Amino acid sequence: NDTPLIHQTPSIPLMFVQHEKRKSRKMTTASFLKKSCRNLLVLGMLELAVFLTYLNISYIFPSCEKTVKLITSTNPISEKIYINNPKMEPDRVSEYFATKLESILDEVTTRAFPRWNEHLPIPCSQADPINWWKNKIMAKPTKRGYMFVREMKTGSSTVGGIVLRIARNVARRRMVGHTTMCDVRIGHGSATSLEYANRIQDESFLFTMLRNPQKRITSQFFHFEVSRRKVEPSDENFQNFLDRNNLHDYYLKDLALLPVNNDLAKKNLMRYNPATIHPVKLNDLRLNLTDDIIYGYDFIGISERMDESLVALMMILDLKISDILYVLKAKSSGAFDDGAFNWNCTYIIPSYVSPGMKEYFKSNSYMVNTQGDWMLYLAANKSLDLTIEKLGRSEFEKQLELFHVAQQLANSKCTQGIRYPCSASGARAPVYSHVTNATDCLWLDSGCGAECLDSLESEIDDLVARS
């Protein structure tokens with residue numbers, strides 16, 4: 001009849017429940033229905049989703065039709081498998097998640113990260129000229145400057161060094177106060193602990209770097225457990241490491257932008273464990289956190305696409321190619337670390353994935369426990385593609401090629417003779433050696449070889465001008 005469907009069926013309004021922040025954003029009819037389809041499936045209203053598909057509404061959101069086909073092909077409607085049934089067996093819940101992961105990823109928010117507002121100077125508030133490098137400063141909340149949320153084992157030491165050079169080079173060009181460094185944060189610390197939700201957006205730039213979650217957690221296990229704590233790299237120890245440290249959905253917890261004055265939200269985030277949350281609430285929480293992070297950050301790079309990420313960052317902030325150069329990796333397997341653990345140099349044992357770990361990565365429990373991180377990682381990867389297209393594919397490729405030429409120059413001239421906190425033989429430089437010039441690094445093992453890279457600026461500028 002003519003009565004709107006929403007008024008006929010009491011349960012249907014649930015499909016229109018949207019996250020508060022989404023209400024303030026422009027959403028096309030197609031994207032709104034796409035989100036609604038996802039909510040239908042997550043809430044378990046499979047028959048209604050199929051019904052809408054049969055009404056030929058699916059052409060508006062094909063991913064809904066794809067999801068329905070995937071689910072109905074393995075779980076007939078007559079079985080009435082509802083994801084919001086608390087009595088549903090864990091294995092069947094995880095099978096459901098695994099089956100619809102690809103389709104749900106189609107629903108996750110992605111966007112092209114915009115260029116910095118050309119009418120505003122890029123961020124450069126004055127840093128403490130003497131103490132900017134101290135750990136207590138790096139761990140202190142700030143509202144201004146460059147905010148790099150440093151995720152573990154994502155190439156963050158290398159990127160952190162690039163961020164330091166950017167903060168220093170921009171300060172020198174703009175001659176901010178009496179310092180040669182813009183306010184900057186590159187230490188390990190969550191976005192919540194550093195209160196980045198309270199930042200002044202026109203005077204700050206918030207970004208991070210993500211890595212394939214499976215590779216990241218493997219690297220973290222071998223770095224911190226096997227190499228530093230001498231734990232045997234057994235399958236049992238690996239899974240105990242994950243459970244003991246509650247590292248499931250690590251990205252979502254560490255990057256979440258929670259209100260500074262919401263202590264309850266912070267406490268709940270600290271207790272966040274996918275194994276203890278109802279599947280429906282868990283999926284909605286993951287999608288909302290992913291949405292907040294994608295829109296709340298000014299840029300998110302991908303470790304496996306390091307050079308593309310750096311060039312995109314350069315173009316977004318209108319920097320020079322010489323600002324984003326680097327030498328080698330700050331820490332890598334088969335070499336010594338930064339010497340920060342007990343102030344001794346530790347040899348990093350090369351990581352590997354055992355047959356047992358491979359089986360675990362294929363398991364339903366791994367899928368359920370890490371789906372949030374995969375959502376964010378793939379959303380960020382797609383957002384990088386969108387960003388490149390928005391920056392202009394042809395211009396981006398030109399800048400990327402120039403960067404590769406400049407990086408080859410840096411590798412040929414700046415990789416030899418660099419003094420790191422830990423030498424190739426494992427000898428430790430004096431504590432805080434980056435302050436006493438006993439190393440060639442700006443901070444711990446980040447920004448190493450900075451002076452040599454700086455000396456290439458004019459040569460690279462000429463290269464860019466000739467292009």
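Predicted model: local features only at pLDDT ≥ 70, side-chain atom pairs only at ≥ 80, totals over all residues.
Entry 1: I looked up the aromatic pairs and found 16 in the structure. I noted that a pair of aromatic rings is described by the distance of the centres and the angle of the planes.

**Entry 2: Phe 238 and Phe 361.** I checked how these two rings meet. Their centres lie 5.8 Å apart and their planes stand at 75°, so I logged the pair as edge-to-face. I then looked at where they sit in the chain. Phe 238 is in helix 10 (residues 235-244) and Phe 361 is in helix 15 (residues 355-362). Are they buried or exposed? Phe 238 is buried at 0% relative accessible area. Phe 361 is buried too, at 9%.

**Entry 3: Phe 336 and Tyr 347.** I read 5.6 Å between the ring centres and 75° between the planes, so this pair is edge-to-face. Both residues are in the loop between helix 14 (306-317) and helix 15, 11 residues apart. Phe 336 is partly exposed, with a relative accessible area of 22%. Tyr 347 is also partly exposed, at 39%.

**Entry 4: the cluster.** Which residues group together in one aromatic cluster? I listed Phe 221, Phe 222, Phe 238, Phe 241, Tyr 352, Tyr 360, Phe 361 and Tyr 366.

**Entry 5: a charge over a ring.** Last, I looked at Arg 216. Its charged end sits over the ring of Tyr 251, and I noted 5.7 Å to the ring centre.

Methods: Residues numbered from 1 in each chain as written. Heavy atoms only, no water. Phe/Tyr/Trp six-rings, centres within 6.5 Å; stacked < 30°, edge-to-face > 60°. Helix = DSSP H or I, 4+ residues; strand = E, 2+ residues; numbered from the N terminus. Buried < 20%, exposed > 50% of the residue type's maximum accessible area, 1.4 Å probe, protein only. Lys NZ or Arg CZ within 6 Å of the ring centre and 35° of its normal.
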